[in-house]
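My entries follow in the order I looked things up.

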Amino acid sequence: GETIAKNKKAYHDYFIEEKFEAGMVLMGSEVKGIRAHRVNLKDSFIRFVRDEAFLFNAHIGRLETTHRFYGHEERGTRKLLLHKKQLEKMNKAITRDGYTIVPLQLYFNDRNIGLKLFKVI
């Protein structure tokens, strides 16, 4: 697939222990922003809320053609789509083992948008 954005800071700052892949729940205006490569993953992170994983602080820019009413929050919270076993494994890594889950890469794969995540100490 085509890489849209990489979290270069994460490659530099962390030792990557285990990788996960996730989908994301996105608005149409967010998909357009991603297609235009208006994405920055620096300083973004994953947090769990009621046993669901969310991406926080990732910047997805709006296009000038997007009407403000239909647009998205550029640093909005985005729900991640993962299998139940992956969610349980990631949640345990964070809560019990003290790991951090960090977004590594955003990419297109067969017309879907995916997010590579990784577990770090």
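**Entry 1: overall layout.** I am working from a predicted model. I read the protein chain along its sequence and got the pattern β-α-β-α-β-β-β-β-β-α-β-β. The radius of gyration is 14 Å, close to the 14 Å that the globule rule gives for 121 residues, so the chain is as compact as a globular protein of that length. I counted the elements as 3 helices and 9 strands. I also took the extent of the C-alpha trace, which spans about 45 × 30 × 25 Å along its principal axes.

Entry 2: I looked up how many of the 121 residues count as buried, and the share is 42%. The accessible surface of the protein chain comes to about 7,500 Å². Carbon and sulfur atoms hold 48% of that surface. I then turned to contacts with a separation of 6 or more, and found that residues 24 or more positions apart account for 66% of them.

**Entry 3: helix 2.** I went through helix 2, residues 28-35, and noted Ser29, Glu30, Gly33 and Ile34 as buried. Seen down the axis of helix 2, these buried residues fall within an arc of 140°, so they line one face of the helix. I checked what covers them, and the list includes strand 1 (2-6), strand 3 (39-40), strand 6 (59-60), strand 7 (78-81), strand 8 and strand 9. Just after helix 2 I came to His37, which takes a positive phi of about 60°.

**Entry 4: strand 7.** Strand 2 pairs with strand 7 in the antiparallel sense, over 2 bridges. Met24 has Leu80 of strand 7 as its bridge partner. Strand 5 also pairs with strand 7 in the antiparallel sense, again over 2 bridges. Here I noted Leu55, whose bridge partner in strand 7 is Arg78.

Entry 5: I located His83 in the loop between strand 7 and helix 3. His83 is exposed, because its relative accessible area is 62% and the cut-off for exposed is over 50%. I also took its separation from Ala5: His83 and Ala5 are 78 residues apart in sequence and 23 Å apart in space, C-alpha to C-alpha.

**Entry 6: helix 3.** I ended with helix 3, residues 84-95, which has 12 residues. From its first C-alpha to its last it reaches 16 Å, close to the 16 Å expected at 1.5 Å a residue. Where do its buried residues lie around the axis? I noted Leu87, Met90, Asn91 and Ala93 as buried in helix 3. They cover an arc of only 160° around the axis, which puts them on the same side of helix 3. I looked up their surroundings, and the buried residues pack against strand 2 (16-24), strand 4 (45-49), strand 5 (52-56), strand 8 (100-109) and strand 9 (112-120). On the face turned away from the buried side I found the exposed residues Lys84 and Lys85.

Definitions and conventions
Residues numbered from 1 in each chain as written. Predicted model: local features only at pLDDT ≥ 70, side-chain atom pairs only at ≥ 80, totals over all residues. Heavy atoms only, no water. Helix = DSSP H or I, 4+ residues; strand = E, 2+ residues; numbered from the N terminus. Expected span 1.5 Å × (residues − 1). Buried < 20%, exposed > 50% of the residue type's maximum accessible area, 1.4 Å probe, protein only. Arc of directions from axis to C-beta. Contact = heavy atoms within 4.5 Å. Rg over C-alpha atoms; globule rule 2.2 N^0.38 Å. Areas by Shrake-Rupley, 256 points an atom, 1.4 Å probe, with all protein chains shown as cover. Pairing = 2+ DSSP bridges.
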